[in-house]
Amino acid sequence: MLRVVVMVSGGGTNLQAIIDSVKNGAITNTKIVGVISNNKNAYALKRAEENGIPEKCISPKDFDSRDAFNKKLLEEVKAFEPDLVVLAGFLVVIPPEMIAEYRNRMINIHPSLIPSFCGTGYYGLKVHEAALERGVKVVGATVHFVDEGTDTGPIILQKAVEVESGDTPEILQRRVMEQAEWKILPRAIDLIANGKVKVERNRTVILP
């Protein structure tokens, strides 16, 4: 049974997609053992509570230094004893110690087809604003392992979504969530839970 901790800063729509997928059997062999947020007002915490999942808020604002926060964050994650850490819209820089601790056991969902519109400064609506400004015809989402870079870890799954005329960043964001993010994040977790993902030379291999 894969023990999963989900880390999220906002509404938690990707968290909900994971919860629903565990319930309906799209994700097998998996238990969500905890939800962590840096934002005490995150609706994601309410989603966790409503589904009987232990939740914690660890905010950098409650600590004198970033080092103290980083130490506590890693402590709280480790306390859940996860096999996999899922960043589902977690808008905090992950400390290097945590990346090392969960090497190839921490994944992130990013709302673009990496390497497009990714890296520092590209998050949330900013990604979709940049895509529309550039005039691309296809956008999408990527699930990847987390390494020391920003959106540079081995890619697990990607799904393309077409841009439509009249799209605003908000409309495009919603379509990317519905057609890509909420599908490939649960799928990636299920693949990992069933031993189907291997990392070789900074690339993933999906086993049959």
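Guide: This is a predicted model. We may begin with Tyr122, which has a relative accessible area of 34% and is partly exposed.

Visitor: Why is Tyr122 called partly exposed?

Guide: The relative accessible area of Tyr122 is 34%. Buried means under 20% and exposed means over 50%, with partly exposed in between. The value for Tyr122 lies between these limits, so the residue is partly exposed.

Visitor: What makes Phe117 buried?

Guide: Phe117 has a relative accessible area of 18%. Because buried means under 20%, Phe117 is counted as buried.

Visitor: How do you know that the rings of Phe117 and Tyr122 are edge-to-face?

Guide: A pair of aromatic rings is described by the distance of the centres and the angle of the planes. The centres of Phe117 and Tyr122 are 6.3 Å apart, and their planes stand at 70°. Rings pair if their centres lie within 6.5 Å, and planes over 60 degrees apart count as edge-to-face.

Visitor: How many aromatic pairs does the structure hold?

Guide: There are two aromatic pairs. One of them joins Phe63 and Phe69, edge-to-face, at 5.9 Å centre to centre with 65° between the planes.

Visitor: Are Phe63 and Phe69 buried or partly exposed?

Guide: Phe69 has 0% relative accessibility and counts as buried. Phe63, at 25%, counts as partly exposed, because buried requires a value under 20%.

Visitor: Why is Asn14 called buried?

Guide: Asn14 is part of helix α1. Its relative accessibility is 6%, and the limit for buried is under 20%, so Asn14 counts as buried.

Visitor: What makes the approach of Asn14 to Glu181 a polar contact?

Guide: The side chains of Asn14 and Glu181 make this contact at 2.8 Å. The cut-off for such a pair of N or O atoms is within 3.5 Å, with one able to donate a hydrogen and the other to accept it. Asn14 also touches Ala88, Ile109, Trp182 and Leu185.

Visitor: What makes β3 and β7 edge strands?

Guide: Seven strands form an open, mixed sheet in the order β3-β2-β1-β4-β5-β6-β7. Strands β3 (55-57) and β7 (155-162) each pair on one side only.

Visitor: How do you know that β1 and β4 pair?

Guide: Strand β1 (residues 2-7) and strand β4 (residues 84-87) share four bridges in the parallel sense. Pairing requires at least two bridges, so the two strands pair.

Key: Residues numbered from 1 in each chain as written. Predicted model: local features only at pLDDT ≥ 70, side-chain atom pairs only at ≥ 80, totals over all residues. Heavy atoms only, no water. Phe/Tyr/Trp six-rings, centres within 6.5 Å; stacked < 30°, edge-to-face > 60°. Buried < 20%, exposed > 50% of the residue type's maximum accessible area, 1.4 Å probe, protein only. Contact = heavy atoms within 4.5 Å. Lists of a residue's contacts leave out its neighbours within four places in sequence.
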